[in-house]
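I am opening my notebook on a structure that may be new to you. Come along as I look things up one by one.

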Amino acid sequence: MNEKPLLRRWAMGAALCLALTQSPYALTTAYASSGNAPLQQALAQQLAETSHRLPVAAFYQHKEGEPAWQTKAAVEALVSALNSLESDGLTPRDYAAHTLLDDFHFSQQAGESAQARFELKATQSLLLALDHLGRGKVDPRDMETNWELPRPENRYSMLRVVHAVEDSDIERALTLARPTTPAYAQLREMLSQYRHLESQGSAPHLAGRETSLRRDDTGDDVAVLRQRLALWGDAGLLAADSSAYPMIGVQSSVRDPRHFDAELESAVKRFQRRHQLQADGIVGEQTRLALNTPVGSRIDQLRVNLERARWIGTNLTSEPQVWVDIAGYRLHYLRPNGERWDARVVVGTPRRETPIIHSSISHLTVNPSWTIPPTIMREDVLPRVRQDPSYLAQQNIQVLSHSGERLDADTIDWQRPGGVMLRQVAGRSNPLGRVVVRFPNNDMIYLHDTPATGLFQRQQRALSSGCVRVEGVLEFAQMLLQDSGSRHQLSSLMNSSASDRNVNLPQRIPVALHYLTAWPNAQGEVEFRDDIYRRDALLLSALAKTS
């Protein structure tokens, strides 16, 4: 075995590692003494003279100082992989995919210094793509004022990235950084499907009607409904005459495209489930608007939520964990034994948004009283008291000084009440119900019971003042006690406890509240939700900015 090449490669790597911490002159000298090519000397000197936010030096340490992008085939493989980032909702131009080949050809004619500059540019393009895939392009703290989690760490191995580059398999390098959660994969697949649908052309809009469109109706509107559903991927509903729908290019056995039959009703229900609508098979105004939404708008929605999925990383798969899907109006609890428990929730209105929160559930409050927050007191309660002085007594609301002293409501000037607090006593009519699930946060947000159980039957449930009302919260609270090692039984606590009994959990349970306007449901279908807090446009704009 010839040991000289191996010794020379070892010496080159050692020289680079040493030189990266030295001056440009020392770096160049290290390469000169190793007998390496002028290109490698130019590359080493430019590495030493330029600071990089990305781990460029680490890349070339693993490469032992050798360039990676000095053949057309290598650059073409890089450009192809960067263009594939569209499948992740990212923009290839952000990584110079549109200029790299031209820059490569120019550098090959311009000498070692230009080649070294191109080399570093190409490597930075790859590393920036890996960074954005693994951590998100946009810093979540710039979008969400309550974001407290650090950005995910890059999970890929630089050595494995280098091996992929040496094999000209740049897509494999991207896979090393890409999130591996099922939700991310489903969002990517849906984005691919919708880009394909967009390329197939458009379909007529479903016109407004005075009456809803439903089973056994007949007419041209039914034929248009079939075309709209076909545009969203239900192509089997179209009539056998494919010339009627050239933009779709498929055939089926439907006999009368103008008749609203059982198959069409089932397709409408499927569409409604995917768009957070009541799945009744009836095409009313909300379903019509969802059907007429441009495919491009859904593509933007998927891109925005792929970015949010990159922020979250694997945080929603740790065990055990509670997370509230704000825009999806659901709470999910992954228990220590692997069991999953889900419930419908009511979240904050657009005027009183439920914030994004990362915390840990610390304790329960059993038979809670409710100290009315200042905003609700000012905007909701005081106007009612001024209209009807008996309102406080009817609602079992006490008037307190800030020191907790009970005050006589009749002695208060409710036009200028000054420094008073209002507290509703515990009981079944209390807005917090029988139990509150608490976790530290700066917004005084918590999960709680409610006497207004009818609200859980609504499809759109952005109806609270910011806190989260949970259907079946008593069962949920008992599971939290059990899973954290507490011996307490919630039913006994509720029956025997006085007002405001705090019960600590022996072990805190992580909780996260996230805002996601497109996300897989329990059936594995990607749901599109209303952007109730109008956050998508801001994030989409941030994604469009060049890094």
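Predicted model: local features only at pLDDT ≥ 70, side-chain atom pairs only at ≥ 80, totals over all residues.

**Cavity.** I found E144, W147, R308, W311, I312, I356, H514 and Y515 around the largest cavity. Its volume is about 30 Å³, and I noted 1 cavity of 30 Å³ or more in the structure. By class, I count 5 nonpolar, 1 polar and 2 charged residues in the lining. Helix 15 (residues 295–312) gives the most to this lining, with 3 residues.

**Aromatic pairs.** Next I searched the whole structure and got 10 aromatic pairs. W147 and W311 make an edge-to-face pair, with 5.5 Å centre to centre and 70° between the planes. W147 lies in the loop between helix 8 (140–143) and helix 9 (158–166) and W311 in helix 15, so this pair ties together parts that are 164 residues apart in sequence. I checked burial too: both W147 and W311 are buried.

I then looked at W341 and F476, which are stacked at 5.4 Å centre to centre, with 10° between the planes. W341 sits in strand 3 (residues 340–348) and F476 in helix 18 (residues 473–483), 135 residues apart. W341 is buried, at 9% relative accessible area, and F476 is buried at 0%.

I also wrote down a cluster: ring pairs link Y194, W232, F271 and F528.

**Charges over rings.** Back at Y515, one of the cavity-lining residues, I saw R535 over the ring face, 4.6 Å from the ring centre. The charged end of R438 sits over the ring of Y446, 4.9 Å from its centre.

Technical notes:
Residues numbered from 1 in each chain as written. Heavy atoms only, no water. 1 Å grid on protein atoms, 1.4 Å probe; cavity = no way out; pocket = protein on both sides within 12 Å on 5 of 7 lines; lining within 4 Å. Points joined across faces, edges and corners; volume = space filled by probe spheres on them. Helix = DSSP H or I, 4+ residues; strand = E, 2+ residues; numbered from the N terminus. Nonpolar A, V, L, I, M, F, W, Y, C, P; charged D, E, K, R; others polar. Phe/Tyr/Trp six-rings, centres within 6.5 Å; stacked < 30°, edge-to-face > 60°. Buried < 20%, exposed > 50% of the residue type's maximum accessible area, 1.4 Å probe, protein only. Lys NZ or Arg CZ within 6 Å of the ring centre and 35° of its normal.
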